[in-house]
Amino acid sequence: MNIKMETLNLSNLTIDIIRKDIKNMHLAVYPPNGRIRLSAPKNTDNEMMRLFAISKISWIKKHIKNFETQPRETPREFISGESYYLLGKRYLLKVIEHNEVPKVVLKHKTLELYVRPDTSSEKREAIIEEWYRNQLKALVPKLIEKWEKVIGVQSNAYGIKKMRTKWGTCNTTAKRIWLNLELAKKPIECIEFIIAHELVHLLERSHNDRFVSYMNEFMPKWRFYREELNNLPFRYVNWKY
């Protein structure tokens, strides 16, 4: 698909514009710094986009303020005493050196990381990320199956990857769902919200009134879960654009 990038400067804000094959304009504000993107049909008049953005100024500024005040995780060094989360529960990292295959062991209040002596922080991070990935892989298929039955759809596949601006995406053509690796740290109801959200896109591609109606029907408390997810600390990332 041929996507053309433009920008719109409005009220001291810079809005990225993407023209693509869609029917309606859609505005989004992304963490961590409130990057703004306006998606619009290819032939949309510039003035129409400007007026649409003006009508959303208060909404945009509200979301940017929320990102600015939202707590952030501090940079991780992957050393003993740091806090790590699994499904919303906090654990203290305990690094244990040994001369065997690296592994992660979850205890009642601790996350034990077994590594060889002199293992770099980058390698420790990779080991923990792979452990998080495996935790999600053990959980997600059952949750997808559960919500497919509730919503009445069938996906073909799912994947887990690190994403900077989204908790999940859905390729409606391939019927494939992608989930953010960071979801492993969040409460299970937040994971279910993202899964349900992406599955509903198999019924409605856009975030329009029809989509909202489906969410209200299948997950009446979805706004609560969305708010809970958005209020949890962001993972520290050395963001670059």
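Me: What should be known about the model and its numbering?
Reply: The model is predicted, so local features need pLDDT of at least 70 and side-chain atom pairs count only at pLDDT 80 or more, while totals for chains, interfaces and linings use all residues. Residues are numbered from 1 along each chain as its sequence is written, and side-chain values use heavy atoms, with hydrogens and water left out.

Me: How many Å should helix α4 span?
Reply: Helices are DSSP runs of H or I of at least four residues, strands are E runs of at least two, and both are numbered from the N terminus. The expected span is 1.5 Å times one less than the number of residues. For the 13 residues of α4 (residues 188–200) that gives 18 Å, and the end C-alpha atoms are 18 Å apart, which agrees.

Me: Is α4 enclosed or open?
Reply: Buried means under 20% relative accessible area, exposed over 50%, and partly exposed in between, with a 1.4 Å probe and protein chains only. In α4, 11 of the 13 residues are buried, so the helix is largely enclosed by the rest of the structure. Among them are Cys190, Phe193, His197 and Val200.

Me: Which elements do the buried residues of α4 pack against?
Reply: Contact means heavy atoms within 4.5 Å. The partners are helices α3 (121–151), α5 (209–218) and α6 (222–231), and strands β10 (168–171) and β11 (176–180).

Me: How is a pair of aromatic rings described?
Reply: The description uses the distance of the centres and the angle of the planes. Rings of Phe, Tyr and Trp (its six-membered ring) pair if their centres lie within 6.5 Å; planes under 30 degrees apart count as stacked, over 60 as edge-to-face and the rest as tilted. The count here is five aromatic pairs. Tyr214 and Phe218 are stacked, because their centres are 5.9 Å apart and their planes at 10 degrees. Both lie in α5, four residues apart, about one turn of the helix. Tyr214 is buried at 18% relative accessibility, as is Phe218 at 15%.

Me: Where is His201, and what does its side chain meet?
Reply: His201 is in the loop between α4 and α5 and is buried at 8% relative accessibility. A polar contact is a pair of N or O atoms within 3.5 Å; within protein, one must be able to donate a hydrogen and the other to accept it, and residues adjacent in sequence count only if both atoms are side-chain atoms. A polar atom of the His201 side chain lies 3.0 Å from the backbone oxygen of Arg205, and a polar contact of 3.2 Å joins the side chains of His201 and His207.
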